[in-house]
Amino acid sequence: MSGTLQQPGTAYDGSFVPSVQGLRGIAALSVLMDHFYDMPKGGMYDIPDPGFLPPLWLWLQSVINVGGHGVELFFMISGFLIPASLVRHGSLPRFFFDRVLRIMPVFVVLHLALFAIGPIVGYKFFRGIDLTSYLGIFAANLFFVQDALGLPIAQQNAWTLTYEWAFYIWFAATFSMLRIGGRMLAAPLILLGVACLLHWPITAFFCIGMLFSATGFRISIPGRLGLIAGLACGAAMYASLMLFHPFVGLLPGFLLFGMVLAPDSGLGRALSAPALQYVGKISYSLYLVHPFVLFPLQVIGLKLVAAGVDRWLLWAAFIGLGLVMSLVASAISYELIEVRLRRLLDGAIRSMVFRPLKVGQSV
């Protein structure tokens, strides 16, 4: 079998790409795997802090611990999808309206639940919190500025949404300046983007997606060889992010994403499997919801290990129950919030914000 480089020279048109959906699922499961390793290690409340993570081989700890870098996969996907989405909308207000409808319903529901229940159960920073701090952390996290203000992150995984929103705003502003005044007018924003890459290196992974979105470049290695090559590039990217500077991971990340996007590549076909398609569909809910599911299991595990229950048994139960419960909770979140609540909000608000389009007018 031989590989080919596809260079059709056309930008991505916004059509559905099954392998990207599958990669979403891998990214969410990757982060979930990391929390299967990380959360059993920590104590809380007045429980001693041995954790219930059993003694693992160092190499296995390292393999599991890289899972948190699934966020870089999400960044590549956003870099690929957002340019086409903006062009398709043809309007900044409509683009951002749909981004808000996509991102905020699940986030806000979990945000309200956390700030209602957190003080009751003494979750993290809620223990002994005063009203002023409570309101400040509530507002800062709601608008994704907690890092800038030096305040605690409320939802465990929502820190990445700060990067997502910053990318949406930067790309939309830069795209608009390019269309209005060309490169000279957009130059300050481009320089700002470069400065952000240097200060927050993981944001460079947005650029990989943008490059593939703009050029139509693909890397097709069919069959089993393509799957092995893709897995090798994925492993190299994760290892680079763990051991070296994030910029080192850009090359294997570039090769990986090029193979993901090629429809006839071995990796692309594997990612198009039905099970991964479903996990990819619920991946946003899975990414945000699973810490809420794992938290009570973590509390129970820490109490049981302090009572002398075997750590291997507790860890196996934590992974098994955590996986099933996270997938079920995420499927429910997807159906109730991402589909039904989002549709309800769209129908109630869109007509009040935007005038109906005239016949023959497109967005």
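**Pockets, a cavity and a nonpolar patch**

Val194 sits in helix H7, which spans residues 159-199 (helices being DSSP runs of H or I with at least four residues, numbered from the N terminus). The structure is a predicted model, with local features needing pLDDT of at least 70, side-chain atom pairs counting only at pLDDT 80 or more, and totals for chains, interfaces and linings using all residues. Residues are numbered from 1 along each chain as its sequence is written, and side-chain values use heavy atoms, with hydrogens and water left out.

Val194 counts as partly exposed because its relative accessibility is 40% (buried is under 20%, exposed over 50%, partly exposed in between, with a 1.4 Å probe and protein chains only). Together with Leu178, Ile190, Leu198 and Phe247, Val194 makes up a nonpolar surface patch with about 420 Å² of accessible area. Such a patch takes residues with over 30% relative accessible area and no salt bridge, and joins nonpolar side chains (Val, Leu, Ile, Met, Phe, Trp, Tyr) within 5 Å; a salt bridge puts a side-chain nitrogen of Lys or Arg within 4 Å of a carboxyl oxygen of Asp or Glu.

Next come the open spaces. The largest pocket holds about 870 Å³ (a pocket is an open set of points on a 1 Å grid over the protein atoms alone, with protein on both sides within 12 Å along at least five of seven lines; lining residues have an atom within 4 Å of a point). Of its 36 lining residues, Arg24, Ile77, Leu81, Arg99 and Arg102 lie nearest the centre. Helix H3 supplies the largest share of that lining, eleven residues. By class, the lining of the largest pocket splits into 18 nonpolar, nine polar and nine charged residues.

The second largest pocket comes in at about 610 Å³. Its lining has 23 residues, with Tyr163, Ala166, Phe167, Cys196 and Trp200 nearest the centre. Here H7 gives the most, 14 residues, and helix H6 (146-149) and helix H8 (204-215) are also among the elements that each supply at least two. This lining has 19 nonpolar, three polar and one charged residues.

The largest cavity has a volume of about 30 Å³. Among the residues lining it are Phe107, His111, Asn141 and Thr162. Its lining counts five nonpolar, five polar and no charged residues.

Terms used:
Patches are made of residues with over 30% relative accessible area and no salt bridge: like charges are joined within 9 Å, nonpolar side chains (Val, Leu, Ile, Met, Phe, Trp, Tyr) within 5 Å. Accessible areas come from the Shrake-Rupley method with a 1.4 Å probe; for residues, only the protein chains shown count as cover. On a 1 Å grid over the protein atoms alone, a cavity is a set of points where a 1.4 Å probe fits but cannot get out, and a pocket is an open set with protein on both sides within 12 Å along at least five of seven lines; lining residues have an atom within 4 Å of a point. Grid points are joined across faces, edges and corners, and a volume is the space filled by probe spheres set on the points. Ala, Val, Leu, Ile, Met, Phe, Trp, Tyr, Cys and Pro count as nonpolar, Asp, Glu, Lys and Arg as charged, and the others, Gly among them, as polar.
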